[in-house]
Structure formats: structure tokens, C-alpha cells
Amino acid sequence: MRHWKKKAEKKAEKKAAKDAEVKRQKALRAQRELAAFGETHKPRNGKLSGLEIWWREHYQWLQNSGYLLRPRYAPDWTPSWQGTTKEWFACEDGRGAEYPSRILDGTRLLDGTYVAFKLVKQLDHPFEREIGQFFSSKSLAGESANHCIPIYDVLVPENEDCVILVMPLLSDYSELPFDTIGEAVECFRQLFEGLQFMHKHRVAHRDCTSRNIMMDTSIYVDAFHPTTPLMKRDYSGYVRFRTRTQRPPRYFLIDFGLSRRYDHSVAKPLEVPIWGADKEVPEFQNSNDPCDPFATDVFYIGNAIKRDFVDLNHGFDFIQPLITDMIQQDPSKRPTMEEVVKRFDGIRAGLRSRKLRSRVVDIRENTLDALIRGTSHWMRRIGFVARGTPAVPRSSS
């Protein structure tokens, strides 16, 4: 009896520890977002926030430039819930932008493509436009290893010290769940490849953390609402989506506001620390001494994978040794991205199909959740095997 009691107590303690770690990770993510974007400015009761008014004032100019904002930003907007029994939060036009000082969505009138606008103040981020356009140039845009978000267009408002970068509308890469280990492996491959590509062209991202990793909209069946991705764009219901095995997405690195490009003649550039969203960078903690921004990038991407996959799920032991080396305290001991890619290729080659097709299991999952998710996973898995669907899905783009 005592044996079973002790076993139950240990199990409860282990679960409590895991729950505490999950809460800690959520708190850290909230802190990273606050550090990155500053205080959010959400509208009250569906009304435009102060920062959203700038977009309303530029609505017609953007339309003349070939882009259409959502109805709530039109100068003559009348809330759709006004005079009805509807609640503002249940209406599409009741949902304002979360970070209107920097980001908004729209539609390209030429072909109906949904886009994202990023307002860049040139005094604050003088290199963002240049670096973004560099990776979108004809010579680099078509390379498969290039995972930098493409710049479709650059709009320049009159008499204002800012530009608007027009980019594809993407989704947070972890907004929807990863179903299999193979799906996560393909995500890692693309992220490592993308950062290696940047470093090859002598660009240090300097903020390649979770919030700056996005994916295209391949896995969505319906167009999602930009501020509430689990809802359809017109707010008529929940969005439908497929697994990453069924519709493999392409992952992107975004936000070059802190990025720097170096001349090839500079073998090892040194930069004074500049804080990104991740506040755990060892070399930034107690010193302002210049350090290697490429080594810091290695820490950032390794720590993002640790936080979002290794710490929160079972089954990622295979990548733990590589991640441990990537987040070493001493920057000089971390592998370069060339070495990371080479080592990861070896790790990936050693994973069997059984492992790659296995389910990503959240550490918080209870027995009932495991039964439900496990059953649906096995039904999909049997179908994938029967159809010869690869265990590691590859995007066609």
C-alpha cells in the first residue's frame, strides 16, 4: 500500500513540476513579446485604438497604391454590430490590430493576395529595408535555402520618415500543433538552412527567436483572421486546417530590424550587445563587451527549439546534444551554422521511419487526451503509410 502511495506522490510531484515549467515558459514568452513589441494597444469595445487611426488616415492612399485594408479602417466605417444585438467581439470588424504601431494586414487588389504591412521608422531601423530587399533580390529570391521573408513592395508615405514593407501574410509557426516528429524535423531543417544561408551572405539576424519564426498558410483550408488565427477571416466559424504532413509548409525568418550585414573581408565581426526578445543570451548578461553576432544567432535558434519543443514535449532526445552545444555559455565553443547543419543532417539520417512518424506528445497531456489524440494519430498514420506519404514532409515551394 505504501509503495503505491509513494508512487502516486512521485507521479503527482513530477506532473506539478512539468506544469510549473510550462507556466514558466508561457511567462517567458509573454516577456519576450512585451520586450519585442512594447505594450500592446488593444481597442476598447471594438473601437479604433489611437495607433490604429494612423492606418485609417492612410486608407485611401494605400488603396490608390493597390492595397485594401479591412473595413474597420475605412474612413466611413460604421461598426457592423451597431444597432444590432451582436456583440462587438463576435464580429470581424470588431477585431483590431494587436501591434498597430508596426503591423497590419491587407489585400493586394491586383490578385486578391492577403499581405502584411510593416511600418518601419528609418531612424529606428535604418538597415531593415536594405537587408529585406537584399534577400528578395533576383539573384537570391529563388534559392531554396533562402528562408527570409520576401518583400513584395516598398511604399513610402509622403512627408513621413518611414516606409511600409509589403510582405506575404504568414502564420506563427507554432500556432497550429505539430503532429509528428518528422514534421518537427523538417521545421528544424528549414530553420537551420535559413540561418546558415543568412550567415553565408554575411548577415547576422540578431533576433532569430520564436516570435520571428513564421510559416506560410499551406496547412490552412480556410483563410484565417489576421488577429484571431483560429477563426475564419469573415468570422463565420473556426478555421479548418490539415497536418503538416498533408500540407507541408515553408518556414520563414522575419524581422530584420536588428540585423546587420558585414563585408566578407571581416572574418569575425564584433558587436556591442543589443537585446532581442530572448533575454537568456549568456554573453549579454554581465557585460557590454563586443561579441560575435553569428555565435549569438546560434544560441537564439537553439534556445528557441529548446523552449518550444524539447522543454514542452516528449520525444526530442535525439536533438538534445546538438541543442546543448548550440546554447553553451561560451560563444566561442558553439558550433557555426555550417557545423550545425552538417551535424543535423547526420542526426536526421539516423532517425528511422517509426520514430519520424511517431506523435509529438505534450508533457501536459493526460490519459484521456492521450487516448483521443493517439487514436486519431494512428488512423492518419496508417493512411500515410498506405499511400507512401513521406515521414518527413517537404514543401514543394
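Predicted model: local features only at pLDDT ≥ 70, side-chain atom pairs only at ≥ 80, totals over all residues.
The protein chain contains 11 helices and 14 strands. Of its 397 residues, 50% count as buried. The chain exposes about 20,500 Å², and carbon and sulfur atoms supply 53% of this area. Among contacts with a separation of 6 or more, 70% are made by residues 24 or more positions apart.

Strands of a sheet pair through backbone hydrogen bonds, either parallel or antiparallel. In this model, five strands form an open sheet in the order E1-E2-E3-E5-E4, and the pairing is antiparallel. Strands E1 (67-68) and E4 (153-155) are the edge strands, each pairing on one side only. Five bridges connect E2 (residues 103-108) with E3 (residues 114-121); glycine 106 has valine 115 in E3 as its bridge partner. Helix H4 (residues 128-135) lies across E3, E4 and E5 (162-168), and runs at about 30° to E5.

The structure holds 24 salt bridges. In one of them, the closest N and O atoms of arginine 70 and glutamate 92 are 3.2 Å apart. Both residues are in the loop between E1 and E2, 22 residues apart, and both are buried. Aspartate 105 and arginine 233 form another salt bridge, with a closest N and O distance of 3.4 Å. Aspartate 105 belongs to strand E2, whereas arginine 233 is in the loop between E10 (228-232) and E11 (251-253), 128 residues apart. Aspartate 105 and arginine 233 are also buried.

In the salt bridge between aspartate 311 and lysine 306, the closest N and O atoms are 2.9 Å apart. Aspartate 311 counts as buried because its relative accessibility is 16%, under the 20% cut-off. Lysine 306, at 22%, counts as partly exposed.

Key:
Residues numbered from 1 in each chain as written. Heavy atoms only, no water. Pairing = 2+ DSSP bridges. Helix = DSSP H or I, 4+ residues; strand = E, 2+ residues; numbered from the N terminus. Contact = heavy atoms within 4.5 Å. Axes fitted to C-alpha atoms, helices over the stretch in contact; angles between N-to-C directions. Buried < 20%, exposed > 50% of the residue type's maximum accessible area, 1.4 Å probe, protein only. Areas by Shrake-Rupley, 256 points an atom, 1.4 Å probe, with all protein chains shown as cover. Salt bridge = Lys/Arg side-chain N within 4 Å of Asp/Glu carboxyl O.
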